[in-house]
Amino acid sequence: MKTAYLDCFSGVSGNMLLGALAGAGWGAAPIEGLPRRLGLPGARVEVRRRRVAGLAAWHVAVRAGDAPALRDLEALLGVLRAADLPGPVQERAAAVVEDLARAEAEVHGCTTAEVHLHEVGTVDTLVDVAGTILGLHELGVARLVASPLPVGRGWTEGAHGRLPLPAPATARLLEGVPVYGVPESFELVTPTGAALVRRLADGFGDMPPLRVSGVGYGAGDHPRASGPNLLRLWLGEPEGGWTADRVLEIETWIDDMNPEFYPPLVEALLAEGALDVSLVPVHMKKNRPGTAVTVVAPPGLEARVCARLFRDTTTAGVRIRECRRRLLPRRTGRVPTPWGPVGAKLVERPGRGAELAPEFEACKKVAEAAGVSVREVAQAVASVPVARFADDGEEGPDGSGAGN
């Protein structure tokens, strides 16, 4: 199970991601074969070596040719459903395409069924999205971490005329993602790049400890960049058997709120993207019993979590701590049981190897349908040999298990 780190010092786009994957070990042939796997015989992909500021990089260009124009969400999803891709790759690619359509619909004030996709509704979007996810899958990447993303200022030309940078759909897709401004006057982060990083990255920040096995550079298309317009991808094994990142603990103590309001608060915080939420009884001033609400969240979610706490609770202030975190590699999937497949996590433990951990909600659902106890289903899952674990290609959610 490998970890990949995206060093986005000059932004990120779909073709930069494909180029970086080619350079990190995936090669050119799988990328050039994407139109065939997607059922787009009229299109072709050109993968070329290019020198940028003296550095060897890979540049990827998609030529639509006589492939049909794909301007609505259903058309894009139809191509993915019929594509020659592993199931987990199809599912994640569809999720990214839906994110793109949702962002476009929100900025244009319509539904995803009504939105007419212009810049993102093309053959190269499908190639970039499906190719990036397939490349990570075939390279065995279980965890992707990205640096904060640089965004420039200025204008870009779109189907609706001049638009400010970042483009409105890109800005919507970057909600919750750490960004910083740079004095560049062209599009550093494209909508496709933003959608892929937002959906695929498990965290943002410094590079985690890695035993490096490959480094690839993907070339962008902007000669006006003040530095090399490249994306660097580091690929390797987690050093020490675990990965590292940073999270926030956002906490408030409350002694004057109706306890019936806590369950919907927890659900809302998790829906916002919080990794975990805990409620702990505390003894507060004036001998009042209270509740400590602690939210574990990625750094980019600070504003949204604070806004939710101020809106949905009686608190007037929160405390915020940045915490270092260590994570064991873990992947989600299914294992066979007498009652059918049941969801489980595969956790790699240093010195002990791979271990299966039942997913409680999956066990509960199967137990209710079969009329057996949750404990019986969980024990059956834990007794399945690791070799029978069917990987769905995704890392387990950060909010599951210890170590949040």
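Reader: What is Leu 6 in contact with, leaving aside its neighbours within four places in sequence?

Author: In this predicted model, Leu 6 touches Leu 17, Leu 144, Val 145, Ala 146, Ser 147, Val 197, Leu 231, Arg 232 and Leu 233. Contact here means heavy atoms within 4.5 Å.

Reader: Which residues have the most contacts inside the largest nonpolar core?

Author: Leu 6, Ile 31, Leu 38 and Leu 80. That core has 72 residues.

Reader: Why is α9 called roughly antiparallel to α10?

Author: The axes of α9 (residues 262-272) and α10 (residues 302-312) cross at roughly 160°. Angles over 145 degrees count as roughly antiparallel. Therefore α9 is roughly antiparallel to α10. The two axes come within 10 Å, and the crossing is right-handed.

Reader: Which residues of α9 and α10 meet?

Author: From α9 come Leu 265, Ala 268, Leu 269 and Glu 272. From α10 come Arg 304, Val 305, Arg 308, Leu 309 and Asp 312. By class, the contact of α9 with α10 has five nonpolar, four charged and no polar residues.

Reader: Why is Ala 53 called exposed?

Author: Its relative accessible area is 66%. Exposed means over 50%, so Ala 53 is exposed. Ala 53 lies in the loop between β2 (44-52) and β3 (55-63). Its phi is positive, about 55°, although Ala 53 is not a glycine.

Reader: How do you know whether Lys 286 is buried or exposed?

Author: Lys 286 has a relative accessible area of 66%. The cut-off for exposed is over 50%, so Lys 286 is exposed. Lys 286 sits in the loop between β13 (276-283) and β14 (289-297).

Reader: Where is there a cis peptide bond?

Author: Between Leu 165 and Pro 166, with omega about -10°. Pro 166 is in the loop between β7 (161-164) and α7 (168-173). Most peptide bonds are trans.

Technical notes. Residues are numbered from 1 along each chain as its sequence is written. This is a predicted model: local features need pLDDT of at least 70, side-chain atom pairs count only at pLDDT 80 or more; totals for chains, interfaces and linings use all residues. Side-chain values use heavy atoms; hydrogens and water are left out. A nonpolar core is a set of buried Ala, Val, Leu, Ile, Met, Phe, Trp, Tyr and Cys residues joined through side-chain atoms within 4.5 Å. Buried means under 20% relative accessible area, exposed over 50%, partly exposed in between (1.4 Å probe, protein chains only). Helices (H or I, at least four residues) and strands (E, at least two) are DSSP runs, numbered from the N terminus. Axes are lines fitted to C-alpha atoms, for helices over the stretch in contact, and angles run from 0 to 180 degrees between N-to-C directions. Angles under 35 degrees count as roughly parallel, over 145 as roughly antiparallel, 65 to 115 as roughly perpendicular and the rest as oblique. A crossing is left-handed if the near helix is turned anticlockwise from the far one by less than a right angle, and right-handed if clockwise. Ala, Val, Leu, Ile, Met, Phe, Trp, Tyr, Cys and Pro count as nonpolar, Asp, Glu, Lys and Arg as charged, and the others, Gly among them, as polar.
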